[in-house]
Amino acid sequence: SRDGINFEKTNTPVLDMFPLAKCYSAEAYLQDCGCIRLYFALNDGSGYKIFRSSVEDPQGPLSEPKLTVDTSAQFSHSVHTLRVVKSGCIYHGYVTASSNGGRSQSKKYKHYRVSADFRIFHATSEDGKTFGGFKEIALPQHSFINIYGHSVFIRDGIVYLIFTGFDGEAGCTLHISASHDFVNFSEPRKLFEPEEDKGEIGMYSTCVIPLDHDHWRMFYASRAAWKYRGIASALVSF
């Protein structure tokens, strides 16, 4: 895309070297060298683990994927959605994960079946290649059953986190919170609600890109009852 609004699909997949595995929740990160690092969750049947790969040219081949976050050391449930921001020489990584048994605790709500107590965890890395020792971010008391599908960005030295929050009653809505230290976040504020009159019941997997200093465009996956409707976007202004 040249304007951050209209996109054209490439002729070939960016990643197709894992025909028997499921890839999920990719994040492209432009590095200082001008090359692109791609983070993605890969499930080979033993749960999602996060890998990284890189490319010098958007039309060129990806390098061999290498493990970035291993789920088995800390989380008893799959980890996915690694989002990264850089401050100085330190990379800050945020993942969606569950630290409980999850799958045996599935519960059906009006439009959803929740299978794990998902939260957002934070860790740092000096090279952006390997993250470990994740700790749950600190949010003021809230009623969310699940917190996931997040995006993270920095503006004027403040870290902003947009995430999907589900409280078991309303649809999956988008909330925003801010932090000065990358770990302790302010009380979440509701940012967008699903347009239920148009059949939308959930908003997931946000991605935020800057258009200029005061205007950012957010993309998210829109969901109707039991199925996804496609990618939608909205303008975030300060």
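## Exercise 1: Strands and a hairpin

The hairpin of β2 and β3 has four residues between its strands, and there G45 takes a positive phi near 110°. Before you start, note that this is a predicted model, in which local features need pLDDT of at least 70, side-chain atom pairs count only at pLDDT 80 or more, and totals for chains, interfaces and linings use all residues. Residues are numbered from 1 along each chain as its sequence is written, and side-chain values use heavy atoms, with hydrogens and water left out.

**Task.** Find out how β3 pairs with β2 and with β4.

**Solution.** 
- Step 1: Settle the terms. Strands (E, at least two residues) and helices (H or I, at least four) are DSSP runs, numbered from the N terminus. Two strands pair if DSSP finds at least two bridges between them.
- Step 2: Look at β2 (residues 36-43). Its pairing with β3 is antiparallel, over eight bridges, and A41 stands opposite I50 in β3.
- Step 3: Turn to β4 (residues 66-69). With β3 it pairs in the antiparallel sense over three bridges, and R52 has K66 in β4 as its bridge partner.
- Step 4: Check how covered β3 (residues 48-55) is. Seven of its eight residues are buried, where buried means under 20% relative accessible area, exposed over 50%, and partly exposed in between (1.4 Å probe, protein chains only).

## Exercise 2: Aromatic pairs

**Task.** How many aromatic pairs are there, and why is the pair of Y24 and Y48 called tilted?

**Solution.** 
- Step 1: Apply the rule. Rings of Phe, Tyr and Trp (its six-membered ring) pair if their centres lie within 6.5 Å; planes under 30 degrees apart count as stacked, over 60 as edge-to-face and the rest as tilted.
- Step 2: Count. The rule gives eleven aromatic pairs.
- Step 3: Classify. The ring centres of Y24 and Y48 are 5.5 Å apart and the planes stand at 40°, so the pair is tilted.
- Step 4: Y24 lies in β1 (residues 22-30) and Y48 in β3, so the pair ties together parts 24 residues apart in sequence. Y24 is partly exposed at 36% relative accessible area, while Y48 is buried at 15%.

## Exercise 3: The disulfide

**Task.** Which cysteines does the disulfide join, and is each of them buried or exposed?

**Solution.** 
- Step 1: Search with the cut-off, a pair of cysteine sulfur atoms within 2.5 Å. The whole structure holds one disulfide.
- Step 2: Name the partners. C33 is joined to C35, with 2.3 Å from S to S.
- Step 3: The angle about the S-S bond is -45°, and the link of C33 and C35 is left-handed.
- Step 4: Compare accessibility. C33 is exposed at 57%, whereas C35 counts as buried at 7%.
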